Amino acid sequence: MNKLAIFAALAAPVLFSSCSDKGYWEEYVPDGVEYAIITANQSYTLNPESKGIAPFTLLITRGTTAGDVSVPVSVISEKAYLKASAPATVDFVDGSSEAYITVSFAPDFDAAPWFNPTDSLMVKLGTESIAPSGSGEWKAKVTFANSAEVGKAQLKSQLLGYIKKGGTPGAAVVDTTVTVWARAVNPSYFMIENPYGTKEMPHSLDLVLDEEWQAIDWTATEIDCDIQTILNTGSSNAPVYMVWGGRDSQVTEAGLDLKFYTVSNADGTGYWPSQYQWVETFALPEGWNAVKE
């Protein structure tokens, strides 16, 4: 072999490995080759009868057919109840510009927040060389359909009357319509959606009924639901919390009566207005009530 041929052989790129600064040999991904996930994003809806997602295969391409090459793959999800797994690499064989990986899902329907959350996870290629006509990432949007709208309830609210009209607490009552949701797997868990409809109180009320569906189950509420709602009274004032106050809050065929205190500290001290118990009455939707038949 002449000197020119030897020089050309030494200068040729190595397709399979190179020495990294970490002290070990790693697989080499050639420069100038573009990759793309061709498979379109997917959307899924889970419900109590269908809590799982079947494995899904992604098609991935590269802009060459030369060499056996592996490209890193990662699965990204910010929610503990929405997980998935995929191979650590997508592996292209010499002579082919296409490869496949299978995504396996592991959603935890029962652990998801119960008001129909929609979240996404991502499968991402570990390279910046992405073809303009494709994508370096694939997304799966998953909706956990774990609650259903029951209907509209009529709210007679002392607290809303005080917020909107001021004056003496309890002197004014606002009559308005609110939406009621129930948990699909257990209708005794229900939510009244943003009953106060104000910038100061953009919160929903989560409640749990007792075994007889006759009263609020306070123990279960403390475990499974948020029993405090923050009321923002303004930048110059301390936050105010609504705390359920009284086991006489109950559900009847006529409606739902809730009683709670407003306090300026989470530990139950500093009442605002001073030691006042608000009474909120919700007339439940026609054709549905929380009294077991």
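Trainee: At the start of H2, which side-chain oxygen reaches to the backbone nitrogen of Leu 160?

Mentor: That of Ser 157, which comes within 2.8 Å of the nitrogen. This is a predicted model, where local features need pLDDT of at least 70, side-chain atom pairs count only at pLDDT 80 or more, and totals for chains, interfaces and linings use all residues. Residues are numbered from 1 along each chain as its sequence is written, and side-chain values use heavy atoms, with hydrogens and water left out.

Trainee: Which residues of H2 are buried?

Mentor: Gln 158, Leu 159, Leu 160 and Gly 161 are, in a helix that covers residues 158-165. Buried means under 20% relative accessible area, exposed over 50%, and partly exposed in between, with a 1.4 Å probe and protein chains only. Helices (H or I, at least four residues) and strands (E, at least two) are DSSP runs, numbered from the N terminus.

Trainee: And what comes just after H2?

Mentor: Gly 166, with a positive phi of about 70 degrees.

Trainee: Switching topic. How many salt bridges are there?

Mentor: Three. A salt bridge is a side-chain nitrogen of Lys or Arg within 4 Å of a carboxyl oxygen of Asp or Glu. One of them pairs Lys 51 with Asp 110, at 3.1 Å from N to O.

Trainee: Where do Lys 51 and Asp 110 lie?

Mentor: Lys 51 is in the loop between strands S4 (42-46) and S5 (56-62), and Asp 110 is in the loop between S9 (98-107) and S10 (118-125), so the pair ties together parts 59 residues apart in sequence. Lys 51 is partly exposed at 34%, while Asp 110 is exposed at 54%.

Trainee: Which residue does Asp 175 bridge to?

Mentor: Lys 156, at 2.7 Å from N to O. That pair links strand S13, which holds Asp 175, to strand S12 (residues 147-157), which holds Lys 156, 19 residues apart. Asp 175 is partly exposed at 45%, and Lys 156 is partly exposed at 43%.

Trainee: What about Glu 149, which residue is its salt-bridge partner?

Mentor: Lys 152, with the closest N and O atoms 3.9 Å apart. Lys 152 also has a side-chain polar contact of 2.7 Å with Thr 179. A polar contact is a pair of N or O atoms within 3.5 Å; within protein, one must be able to donate a hydrogen and the other to accept it, and residues adjacent in sequence count only if both atoms are side-chain atoms.

Trainee: Is Thr 179 buried or exposed?

Mentor: Buried, because its relative accessibility is 11%. Thr 179 sits in strand S13 (residues 174-183).
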